[in-house]
Amino acid sequence: TVLGSGFGGACGNASGSDVSCGINVRVGGVPCSRVAWFSDSSIACAVAYGTGAAVDVLVDAEGQQASLAASFSFDPPLVTGLAPFSAPSDTQGYDITVFGTNFGARPPNSTVSMGQQGTVVAIGQTACSSLRWTSDSSISCRIPPGRGSHIVNVTVAGNRQAD
């Protein structure tokens, strides 16, 4: 639900889930799949799938635009498993697949990139190399050589799972 003012009175007495009154809402740059107008100060939208933390919400009501910066965060990625679960420590690196949720419907900006606005998979404090996005629930990468047990973190569009 988006609360504010000036969402238009063009709907008259009509309100509810099937009434949009020409209002468009974008969350993190992605249009809502459905907008419902309830009053001049209350609308709701079905947020489309997306990634990112602290993204902007933009409302366009009959050509009048307003935004609220850094006001919405999508669910962060969540790691649920690895394959293989262990790797030899004496190699130049080892390919693994990380399984989970909320890795993104497609790679950010149509490519997989390392950095704050892209996707990062880290084993301990070291980022994986040769990152390959497969799906919203699978990312492959090459882990660096090393020993011991490490936490695996995934960051997508600046949104990181909790340790």
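Okay, let's start with the largest pocket, which holds about 510 Å³ of space. It has 24 lining residues, and the ones closest to its centre are Ile123, Ile143, Gly148, Ser149 and His150. By class, that lining splits into 12 nonpolar, 11 polar and one charged residues.

Keep in mind that this is a predicted model: local features need pLDDT of at least 70, side-chain atom pairs count only at pLDDT 80 or more, and totals for chains, interfaces and linings use all residues. Numbering runs from 1 along each chain as its sequence is written, and side-chain values use heavy atoms, with hydrogens and water left out.

A word on terms. A pocket here is an open set of points on a 1 Å grid over the protein atoms alone, where a 1.4 Å probe fits, with protein on both sides within 12 Å along at least five of seven lines; lining residues have an atom within 4 Å of a point. The volume is the space filled by probe spheres set on the points.

Now the backbone. Ala83 to Pro84 is a cis peptide bond, omega near -10 degrees. Pro84 sits in the loop between strand 8 (78-83) and strand 9 (94-101); strands are DSSP runs of E, at least two residues, numbered from the N terminus.

Then Asn102, a non-glycine residue with positive phi, near 65 degrees. You'll find Asn102 in the loop between strand 9 and strand 10 (119-123).

And Ser130? Its phi is positive too, near 50 degrees, but Ser130 is in strand 12, residues 129-135.

How values were computed: Helix = DSSP H or I, 4+ residues; strand = E, 2+ residues; numbered from the N terminus. Nonpolar A, V, L, I, M, F, W, Y, C, P; charged D, E, K, R; others polar.
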